[in-house]
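The following exercises concern a single protein chain.

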Amino acid sequence: MDASSPVRSVVLRIRDVYAFVYCPVYALLLRRYPHKVEMTPQMLRGKVAHEARVEFGRIIVTGRMREMGTEVVIERVVGDLLPRFSPPLSRLEVEEIVREVFEGFSKVLDEYGVPRSADFEVPLRSERLSLVGVIDSVEEGVPVEFKYMSREPGDPEMVQLALYALLMEDRMGVDVDVGYVEDLRRGKRMEVEIGECLRERALRARDDALRVLFTGISVRAERRRRRRCEFCDVRVLCRLIVPRGVRV
Ligand code: SF4
């Protein structure tokens, strides 16, 4: 299968394909109103959780967790995040999220152990695949995506992981057969096998996202078909741009 994009001159962010699989309207909002979308409280909480998890991961792989002690580590991560996220979040909110993430991370460590190696926020770009992305963690050669969501991980996360796997194979010359979506709230990992079907689905999603992001869609029609609105980070913004009388 030729993984090259039919639109070779455009490089698409994997987060845009992820958003597109979740909902094409979401992907369009992210693209057209990036500042408003970044400001949603859900996204801010997600960012705190993500950064806390990265920080805990770095501390554990460098062996500093034991020497520092749990409480010191948590306090330090809270202290690092407060100047950036409070306000708009309160100190208490930041601390609650950090503690929640630490509890989840502890469960993951109990199940999977401390990885021998892990890199965090790994940036990759491929002109051949027309894709660019930042992988949350590459753990012993396996991509791991961190999520802090109300819903359970599903199709969008699987496509995202498959695209990361394709990027790693293209840029790092490795084989990637499996990846994980780590649910930061529940402290669980979903194992995703990167098989041929999923690879093809992910590349089709990339091509469809490219087409829609550059040509647009009917928001009203698309919105009526959605079942994911209740979990959506941007439902307030989405309501604002859709004419009155359309049910969410
Ligand atoms: S509120 Fe619904 S239609 Fe709007 S972006 Fe979110 S999932 Fe899509």
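Of the 248 residues of the protein chain, 35% count as buried, a residue being buried if 20 or more other C-beta atoms lie within 10 Å of its own, exposed if 12 or fewer, and partly exposed in between, with C-beta atoms placed from the backbone. The model is predicted: local features need pLDDT of at least 70, side-chain atom pairs count only at pLDDT 80 or more, and totals for chains, interfaces and linings use all residues. Residues are numbered from 1 along each chain as its sequence is written.

**Exercise 1.** Determine how helix 2 and helix 9 are oriented to each other.

*Solution.* Helices (H or I, at least four residues) are DSSP runs, numbered from the N terminus, as are strands (E, at least two).
- Step 1: the axes of helix 2 (residues 24-32) and helix 9 (residues 196-215) come within 10 Å and cross at roughly 60°. Axes are lines fitted to C-alpha atoms, for helices over the stretch in contact, and angles run from 0 to 180 degrees between N-to-C directions.
- Step 2: angles under 35 degrees count as roughly parallel, over 145 as roughly antiparallel, 65 to 115 as roughly perpendicular and the rest as oblique. Helix 2 and helix 9 are therefore oblique to each other.

**Exercise 2.** Identify the residues through which helix 2 meets helix 9, and classify them.

*Solution.* 
- Step 1: two residues are in contact if their C-beta atoms, placed from the backbone, lie within 7 Å. Helix 2 contributes Pro24, Ala27, Leu28 and Arg31, and helix 9 contributes Ala209, Val212 and Leu213.
- Step 2: by class, this contact of helix 2 with helix 9 has six nonpolar, no polar and one charged residues. Ala, Val, Leu, Ile, Met, Phe, Trp, Tyr, Cys and Pro count as nonpolar, Asp, Glu, Lys and Arg as charged, and the others, Gly among them, as polar.

**Exercise 3.** Decide whether Glu121 and Ser130 are buried, exposed or partly exposed.

*Solution.* 
- Step 1: Glu121, in strand 2 (residues 118-126), has a positive phi of about 50° although it is not a glycine. Glu121 has 13 other C-beta atoms within 10 Å and is partly exposed.
- Step 2: Ser130, in the loop between strand 2 and strand 3 (131-139), has a positive phi of about 55°. Ser130 has 21 other C-beta atoms within 10 Å and is buried.
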